Amino acid sequence: MNPPKLIEIRKNILKKNDELAQGLRARFAADGVFVANFVSSPGTGKTELLKYTMARLIDRFAVAAIVGDVETENDAVRLRKSGAPAYQVETHSMCHLESFHIDKAIAAAASQFRVEELDLLIIENVGNLVCTSAFDLGEDLQVVLVSTTEGEDKPLKYPKIFDRSDICIITKMDIAEALEFDHAQMRASIDAVKPGMPVFEVSAKTGWGMEAWIQYLVERIDEKKAEDTPARAD
Ligand SMILES: Nc1nc2c(ncn2[C@@H]2O[C@H](COP(=O)(O)OP(=O)(O)OP(=O)(O)O)[C@@H](O)[C@H]2O)c(=O)[nH]1
Ligand SMILES: [Mg+2]
C-alpha cells in the first residue's frame, strides 16, 4: 500500500473516532457526568492512584471506572477494591483506547453501573505515551501521569501527550530521594512543553500529596454539576 493511501486510512480512523467522541461528550453533558481520562507509560501508577482516589470519593459521588489494557482483567480487579465498580476493556492488539471502546464498554457494563447515574466516570487508558495522544474519548479532563522513576526528560521526549493533557500528576514521590529525582528539572520539562500546566506531586502508597489532587478533582466535578443544573431544570 502506498503512503498516501495509508495517510487517508489513518485520517478516516481519526475522523470516525472524533465524531463518536463528540457524541459521547454530548451524552456525558446531558447526563451530568464528569469524565476524566488518565494516560501514562505502562507502570507509572495509574491504577494505584485511581484505586486510592475512587475509595476517597465513593461516599460523596457515584463513581465508576472503565480501564483499558492489552490483556488481563487485573486492573479492574484492583480498582474494584476501592468499593466502586470497574469494567475492563481488553484491547488485544491495540495500544490505546478509542471512543468505540468507551461506547461499547458503557453498554456492556450496564449490569455494574449506569453512566447516567454517575457523577464521575474514570477512564484508565492503556499504558502508552504515543498512541493514546491521538484519540479523543469525549472526556472533560485528560490527566497525564509521569513517575519519579521514568526520567525527568519524559515530557520533552513525548511532548504531544503532555501538550494535549490538561493536568500532570507526578507519581511515586515516596521513592524520589532514593532515585535522586530532580524535581526542578521535571518541572522545567513540563513547563517547556505546556507552560502553566497544573502539576500535582503525589504518592498513592503513602497518601502524600493526595489531598490537593482530590480537592482539585472534587472542584471540577462540582463545577460540572453546577453547569448542568439549569439545563436539567428546563
Ligand atoms: N513506591 C510506589 N510505588 C507505586 C506507587 N504507585 C504505584 N506504584 C507501584 O508501581 C507499579 C505499577 O503501578 P500501577 O498502578 O499498576 O501502574 P499503571 O500505570 O496502572 O500500569 P499499567 O496499567 O500497566 O500501565 C506497582 O508495583 C505499584 O505498586 C507509589 O505511589 N509509590
Ligand atoms: Mg493500570
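In which sense do strand β6 and β7 pair, and over how many bridges?

Author: Strand β6, residues 167-171, pairs with β7 in the parallel sense, over 3 bridges; here two strands count as paired if DSSP finds at least two bridges between them. Helices and strands are DSSP runs numbered from the N terminus, a helix being H or I with at least four residues and a strand being E with at least two.

Before going further, please keep in mind that this is a predicted model, in which local features need pLDDT of at least 70 and side-chain atom pairs count only at pLDDT 80 or more, while totals for chains, interfaces and linings use all residues. Residues are numbered from 1 along each chain as its sequence is written, and chains are lettered from A and ligands numbered from 1 in the order in which they are written.

The pair belongs to an open sheet of 7 strands, in the order β3-β2-β4-β1-β5-β6-β7, with parallel pairing. At its edges lie β3 (86-90) and β7 (199-201), each of which pairs on one side only, and from one strand to the next the twist averages 20 degrees.

Helix α2 lies across β1 (34-39), β2 (63-69), β4 (120-124), β5 (141-147) and β6, and runs at about 170 degrees to β4; axes are lines fitted to C-alpha atoms, for helices over the stretch in contact, and angles run from 0 to 180 degrees between N-to-C directions. Helix α4 (residues 99-108) also packs on the sheet, where it touches β2, β3 and β4, and its direction makes about 135 degrees with that of β3. Contact means that the C-beta atoms of two residues, placed from the backbone, lie within 7 Å.

Helix α4 meets a further helix, α1 (residues 3-31), and the two axes come within 8 Å and cross at roughly 40 degrees. The helices α1 and α4 are therefore oblique to each other, given that angles under 35 degrees count as roughly parallel, over 145 as roughly antiparallel, 65 to 115 as roughly perpendicular and the rest as oblique. Their contact is made by Asn17, Leu20, Ala21 and Leu24 of α1 together with Ser99, Phe100, Ile102 and Asp103 of α4.

Finally, helix α2 (residues 46-57) gives the most to the shell around ligand 1, with 3 residues.
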